[in-house]
Amino acid sequence: MKRLQLQRWSGSVLSAQARTGGRLQQRLYTAIRHQSTASPAAPAGHDQLIREQPQAPSIRPSRPSQSRYNLPSPPVEAARESAKLASLHARLYLPSRLPLETLARSLVDASADPDPNFNNESLATLGHDLLTQYTSEYLVCTYPRLPLTVVFAAMYAYVGPKTLAAMAKEWGVESVAAPGGEVDPGYLQFRRLPPGAEVNPELITGTERPHEEETHWRKSVTSRVVYDNEYGDPVKAGVPPSELPEREAKNNNLGVSHEQASSTFVHALMGAVYLHAGRPAAKRFFEQHFLSRHLNISDLFNFSSPARDLARLCARENFDAPVARIISETGRKSRSPVFVVGIYSGADKLGEGAGASLLEARFRACVASLKGWYLYSPLNVRVPSSMEEEGAAPWKPVHVDLGEVII
Amino acid sequence: MRPSLRLLNLEVPSLQGSRALYVCSGCRQEARPRPIAARQFLRHASNADSLSERVRRKIWGTDNPPGEKDPYGGQGVLERKFSKQQPPKQEEVAEQPEEVEDLTLTDASYEPATTWAGLERVGHLNRWNDYPRSEADTYESFAVKTKHNQKGPLSLAAHQAAVEICLMHALNKPLVSVCDVTEHEKPIFDMIYECKIQPNGEWSKALEYPNKRTQDTLAYIFEQIGAQPAAPAAEETAEDLVEASELEENGEIADEPASDSQDAPFFGYQDVQDEGFLSLPLTDAVTKFAYLKRFSQLSGHYFPDPIMQQISTVKQAVAYAQGELNKKPKKLAEYLAEDQRLLSLPNVKIFDKRRTTLHRDDEMGRKKIIEAALRARGLL
């Protein structure tokens, strides 16, 4: 079954000669989200919606190096000649089953080469979905009580575009000045934004959210799960496939930012590892390069009224109402007093905090109590994707809490 | 008050101004208008009553002092204007037409030249570069025109030089005179080619002729070469003699090259028959000099003094000419390009040329932008 999946996916990445059918042109459909959630398997009825692409020759005929200037991206055979590409392959300790040609392809952004047979868009789509899936299941299973806003922030910190761009920079991926057929395939190739272009527009319009023009309306966190992307940021709505050509033609004139191109490359590399080396290698790659980055999740919290939150939480969980008690104090009348305040629910101490005033100490103690609750992490965490391995132990449902208190 | 105005207003005593308006006495003297007597010197010298004229008259003591009428550049503008209005003098009117006639006479056949071609050359023709090229001006190289580097031609040259020096040794003639004839005719060369050299250590007895006739012919020819003045005539007679003998024993020459290879070096011969000449010693200084001179002439290789010191046999001389004694140093890139361990590494690329900014620009895609910008400005 695993092999079958690989075969199906690899068709969109490998040459068209090895492809069984045009079904995987769905990439065009899933690359831009059409529904509120990215559905990995589009309904079969959408197949006829996908525009008929002229079958481009899978491998470009080899031409002399003079005409490389006419190509939008380096030819396939140039990947073997590039020392940079081999160095990158070795430096990242990529599996040997991942060929240099695919690594070279994952470095070609869609803005450099609009031909989907030669750019990394399809690989990036797969890699993006894999990364978000692995990260989100890791976060949810490891910290089952995290508030959703913290989950969004942690997702952004683990696999957000800024992080991925920083990773690509740490990997030593350099970018070209301008894409073309003559450039070394070891460079990240993308068309740069024209000078003065706006990189981060303040307000994103054209989302799926109803009444998006009402900016002063409160946006609930739950609605962000539905309408926004995996980081809780508003995202443009997908377009139906019939309108794709105009949109692509409009986007081709513009470039992309270095950050976006770098994150697309990391996505594509993840997808390429998954396709060529299989799921275990992809998971290993994810653990070694993404989860190994240290993220202090307790810094991501931001409480405005922790005492009230704690009271609501205790009420929800049928605990006794929290009571703040002074554990110790020193120098009450002095210039720098220190109070240590504990929060007690019945006989159980939920947390304690120290501060220069009683209120501050109580605030800190409430925050410590809430963090102690939200940052609960079970032992021996198993994620759902571990069940994909052969011979995995029977699945025991993981505990996922109700989440934060809603006031 | 501006300083320039202050300077002009010199009649006003400077005491009434402040200290800042002070003008030194020297400057005041310079800027003050000259007295009238001094201004007389500035007048034009052509003025009949000028001060300079009066002074000249006084110095010479006559009313017509010698010297030019106007040594200071002719009349002024106003004088010229007045003199044009007055009628010209009679004498000048009489002289002018004659000159004009002469000019018109010469001008009748005059055609202005547009190019230099066909113009009469002006100047003396006694300079060296005005003479046609003489015999002394043509340069003829001592050595052959083409420098031989292959093993075959070098061996042929070394063999020919060895045979000739052996012959001169046997004939007891001055050795270096073999260099008088740079290239022999083909029959003579054929005979030299047929000769073999036995490496017995002595130049005078080393030569081994194929037959008696060759020995006689070669001896006759090289006798002539030693005798300088009669050399050309001797050559001709020798050629006749050789041709006659050649016709008789035409079939004897085994590997005669094709006839179309007359222009080829050594008449198309590729390599020597035997290599006995290689072991001939070059210990005798006179023989060594003569041999290396002849070999240098035939092969086109120059032997520097340190190399000449090192050479002690013919073999070493040939080896030097082949570039074996001091080989050209190999480049590092060539060594690296042969290293299989490096070639097998995929992340190492070896270039035979230095990588410059241009290469880097090209592989980063910047070069085409630079070229396009230069083209847009018309700089490329």
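Trainee: What share of the 407 residues in chain A is buried, and what makes a residue count as buried?

Mentor: In this predicted model, buried residues come to 31% of chain A's 407.

Trainee: Why is the set around A:Leu103 and A:Phe265 called a nonpolar core?

Mentor: The set has 70 residues, and A:Leu103, A:Phe265, A:Met270, A:Ala272 and A:Val273 touch the most other members. It gets the name because its members are buried, belong to the listed residue types such as Leu, Phe, Met, Ala and Val, and are joined through C-beta atoms within 7 Å. Helix α10 (residues 258–277) of chain A gives the largest share, ten residues.

Trainee: How do you know where this core lies relative to domain 1 and domain 2 of chain A?

Mentor: Domain 1 (2–46 + 67–209 + 219–297) and domain 2 (304–374) both supply residues, so the core lies between them. Apart from it there's another core, of 43 residues, including B:Val163 and B:Leu292.

Trainee: What makes A:Leu94 a contact of A:Val273?

Mentor: A:Leu94 and A:Val273 are in contact, which means their C-beta atoms, placed from the backbone, lie within 7 Å. Leaving aside neighbours within four places in sequence, A:Val273 also contacts A:Pro95, A:Leu98, A:Ala281, A:Ala282 and A:Phe285.

Trainee: How many residues of chain A are in contact with chain B, and which classes are they?

Mentor: 14 residues of chain A are in contact with eleven of chain B. On the chain A side, ten are nonpolar, two polar and two charged.

Definitions and conventions:
Residues numbered from 1 in each chain as written. Chains lettered and ligands numbered in written order. Predicted model: local features only at pLDDT ≥ 70, side-chain atom pairs only at ≥ 80, totals over all residues. Contact = placed C-beta atoms within 7 Å. Nonpolar A, V, L, I, M, F, W, Y, C, P; charged D, E, K, R; others polar. Buried ≥ 20, exposed ≤ 12 C-beta atoms within 10 Å, placed from the backbone. Helix = DSSP H or I, 4+ residues; strand = E, 2+ residues; numbered from the N terminus. Domains from an automatic or database assignment.
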